[in-house]
Amino acid sequence: GHTPQRMSALANRPSAQPTALPPGPPAPDVMPSYYVVVQEAANDKSTTATVRASRTGAVLTTVPLPQLDPTSSRAISAAADDRTFLITDGNDLFLLRVAADGRSARLTRLALTLASAVPPGSDRFGPQASAALSPDGRTVALEGQSSCQPIRSFGGVGELGCQDNAIRLVSLATGLGRTWSTRSSWQPGIWISWDGNDHVLFSWTVARGSGPQPGGYRLLNVAAGGSSLLAARMLALPAPPAYMGPSYPQSAFVTPAGDTVIASTFAGVGPDGRMIVSVVELSASTWRPVRVLLEESIGRTDLPVLFSNEGCAVLALGPGGVHALIECTTLTQTVFGRADDGRFTPLPGMPYLASTGTTAAAW
């Protein structure tokens, strides 16, 4: 639980002048029927997509996935129809279509690959790209980074700066695409999500010493003109922290009505010296926390980098913006479940994430 003093401290943090989000149409307050967990087996490296009932966590069906190479990782996102999921494996993309009763599913490999998100003409040296499926299931948003070079190191841990950064939209019907990019030096790891109203939310962290451009969150209007990522509207959310070595992308989703944002945060260091990580709901009019959905603390604060997926993440948001799929991982455990209008319910199916880099979930 959270004491009134804790919530007051969160709510009273200073914030920048808010920037209103575009209003969206009302969406039905319906919990998604299914969530899908993509997981690699520890013993034989086989990978599966498991469809589970959202209310109980019961397994409905399991679909085998192509085996990964050792350097790849899985990611998954979902359309708003609760039956169409996009799965990535580090380069290839697959559509998983779940039957109406959830007890069978069909996997299709797309002609599109993550390599198409890498900015053209770059040296293609950079982190793996990621993708997110639009709410209508017709468009894929891909983020890509390249021209990444070591900037400096501290205690044997190096920091990378990626000079070429891009978000690309590709139509699944026509294959046609459009790209927004910037050559500002960003740390590896861009988070992207859709808000259901022709906007893509993305977060990034600027590489240290790379110039005046701040890290943070921007809302990209994909229906507007232009091709610069820096033209996207900056939101007054707390900026992701800069870390040496691998960065930890902070996930966030704008609710369809545009009145709140569900986001993962680093809330600083508590009185006992432990780093506090959480998933919070923020007001879009004041950018102050409305409530804490899930919170954990990490004891290791002497290292300037988070290893093995430590931290919190909002994995998916239901079409009504009320039901969120979230998790927090510390050195010793992973807490995973759903938050329904602020009430957290644990769910099965998510392993201890610090022991694997190839597990993801969405609804």
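User: Is C162 buried or exposed in this model?
Analyst: Quick caveat: this is a predicted model, where local features need pLDDT of at least 70, side-chain atom pairs count only at pLDDT 80 or more, and totals for chains, interfaces and linings use all residues. Residues are numbered from 1 along each chain as its sequence is written, and side-chain values use heavy atoms, with hydrogens and water left out. Buried means under 20% relative accessible area, exposed over 50%, partly exposed in between (1.4 Å probe, protein chains only). C162 has a relative accessible area of 0%, so call it buried.

User: Which residue forms a disulfide with C162?
Analyst: A disulfide here is a pair of cysteine sulfur atoms within 2.5 Å. For C162, the sulfur sits 2.1 Å from that of its partner, C148.

User: How many residues apart in sequence are the parts that C148 and C162 tie together?
Analyst: Strands are DSSP runs of E, at least two residues, numbered from the N terminus. C148 lies in strand β9 and C162 in strand β10 (residues 157–171), so the parts tied together are apart in sequence by 14 residues.

User: What is the S to S distance between C312 and C328?
Analyst: C312 is buried at 2% relative accessibility, and C328 is buried too, at 1%. A disulfide joins C312 to C328, with S to S at 1.9 Å.

User: Which side chain does the side chain of S147 make a polar contact with?
Analyst: S147 is in strand β9 (residues 139–154), buried with a relative accessible area of 16%. A polar contact is a pair of N or O atoms within 3.5 Å; within protein, one must be able to donate a hydrogen and the other to accept it, and residues adjacent in sequence count only if both atoms are side-chain atoms. At 2.5 Å, the partner is D164.

How values were computed: Helix = DSSP H or I, 4+ residues; strand = E, 2+ residues; numbered from the N terminus.
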